[in-house]
Amino acid sequence: MNKVSQERAIKIILSLVKPLGKETVSIENSYGRTLTEDIVAKNFSPPADCSSMDGYGINSYKKGSTSSYKLVGEVQAGKSYYKDVKPGEAVRIFTGANIPKGVDKIIPQENLLSKIENNLKFFNSNDKFIRSKGSNFKPGFKINKNNLLSPSLISLIAAMNIDKLSVLKKPKVAILSIGNELSYPGNSLKNCKISSSNAYGLKAFIQSKNGEGYLKPIIKDEEEAITQSIRQSLKFDLIVTIGGASVGKYDLVYDAALKAGITFSFTQVNMRPGKPFKAGQKGNTLFFSIPGNPVSSLICSQLFIGPVLDKLQGNIHSLNVKEALLIEDMEANSNRKHFIRSKLIQKNNKSYVKPFKNQDSSNLTILNKANSLIVREEFAPAVKKGGTVKIIELSI
């Protein structure tokens, strides 16, 4: 078996990634996607001077009193007002309405002191409450390609009067669960069955990374059946098998994948949990084999699948390793890099972390209590309470 370090494993699998092609989507379905073309505004925003308040637009250029005005009309947003507003006159105006000719100031409606028929008196203010034409952007304003489409950026593009966007395709991931013992959630668990949990957690993680996960039917521990399912999934960008990844009698994924034409880059990673993780490819399809233990499965998802999904979508990925102070002593590590489930606590602007006692790779309860992983390198020495350790915040 070809064993590599966790750091080497990430470098290898990222080197296999080729950017996906592009597609056109509607703006309402563009969240989280990556732009593949520059966007250039052709319009002004706002398209004309407009009111930023509900209130009264006044022509303040009058002699004598500046607190009383004659109401001569009303201006709604989206409707034109063609008359000139003369000195000493006012119009009722609403937020977003275009400023009529002659109006040089908006008085907020809460500043109205009295209204007797069409005679208005105001408590005046210094602010004009007028948004000038093009104060948001002008023709030629550009949003560069490779930007990730956030809610605020989508709103800005919509304001540019654009409804279709060219974006990178979403990664499509086939999820293959393997094991005679597996049963679909909700079914009977008689006859030594267990509920297939990993696939659903993995699909949710893929969705959190803006990918599309496809759950394939559970596969029995039969080499030909596994081979056939892998072959049928080679149209996907990424195939992830769950289970059957170790070296037991019924761990058949490696041989089945070879028969399906997969070329492996490595077959083990010097880490725990997740030692049996394997990576390879056929053509443009990446292939990952992850362990069947739930904790191993999900931690491998964050450490390996996450970076690949990010890069496929043109995003820079970082595991964002930080430092924290130990709440209790930690013993020396063995010959495998260890990702230890832990609880990260922020107190007095400092980060503290406590490892859980139970690190069994099947214990989802502990994983759900954890919010971080303490990263212990191979043969790392013991660390006393108050010592510094590296941590990664969990996103699974």
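Let's start with a side-chain pair: Glu-393 makes a polar contact with Lys-322, side chain to side chain, at 2.5 Å. A polar contact here is a pair of N or O atoms within 3.5 Å; within protein, one must be able to donate a hydrogen and the other to accept it, and residues adjacent in sequence count only if both atoms are side-chain atoms. Keep in mind that this is a predicted model, where local features need pLDDT of at least 70, side-chain atom pairs count only at pLDDT 80 or more, and totals for chains, interfaces and linings use all residues. Residues are numbered from 1 along each chain as its sequence is written, and side-chain values use heavy atoms, with hydrogens and water left out.

Glu-393 sits in strand S28 (residues 388-393); helices (H or I, at least four residues) and strands (E, at least two) are DSSP runs, numbered from the N terminus. Glu-393 is partly exposed, at 37% relative accessible area; on that scale, buried means under 20%, exposed over 50%, and partly exposed in between (1.4 Å probe, protein chains only). Leaving aside neighbours within four places in sequence, Glu-393 is in contact (heavy atoms within 4.5 Å) with Gln-302, Lys-322, Leu-344, Asn-371 and Ser-372.

Now over to the sheet. Six strands form an open sheet with mixed pairing, in the order S17-S14-S18-S23-S22-S19; two strands pair if DSSP finds at least two bridges between them. The edges are strand S17 (212-215) and strand S19 (263-266), each pairing on one side only. On average, neighbouring strands of this sheet are turned by 25 degrees against each other, direction ignored. S19 pairs with strand S22 (residues 278-282) in the antiparallel sense over three bridges, and Phe-266 stands opposite Ala-279 in S22.

Helix H1 lies across S19, S22 and S23, running at about 145 degrees to S19. For that angle, axes are lines fitted to C-alpha atoms, for helices over the stretch in contact, and angles run from 0 to 180 degrees between N-to-C directions. H1 buries Gln-6, Ala-9, Ile-10, Ile-12, Ile-13 and Leu-16. Those residues are on the same side of H1 because they cover an arc of only 165 degrees around the axis, the arc being that of the directions from the helix axis to the C-beta atoms. Lys-11 and Ser-15 are exposed on the other side of H1.

What about the core? A nonpolar core is a set of buried Ala, Val, Leu, Ile, Met, Phe, Trp, Tyr and Cys residues joined through side-chain atoms within 4.5 Å. The largest one has 42 residues, of which Phe-266, Phe-277, Phe-288 and Phe-304 touch the most other members. Elements supplying at least two residues each include H1 (6-16), strand S23 (285-290) and helix H6 (294-312), and H6 gives the largest share, ten residues. Apart from this core lies another, of 16 residues, among them Ala-174, Ile-178, Ile-226 and Ile-230.

Last stop is helix H2 (residues 151-159), where Leu-153, Ile-154 and Ile-157 are buried. Their arc around the axis is only 100 degrees, so they are on the same side of H2. Pro-151 and Ser-152, on the other side of H2, are exposed. The cover over the buried residues of H2 includes strand S3 (39-40), strand S12 (142-143) and strand S13 (164-168). After H2 comes Asn-161, with a positive phi near 65 degrees.
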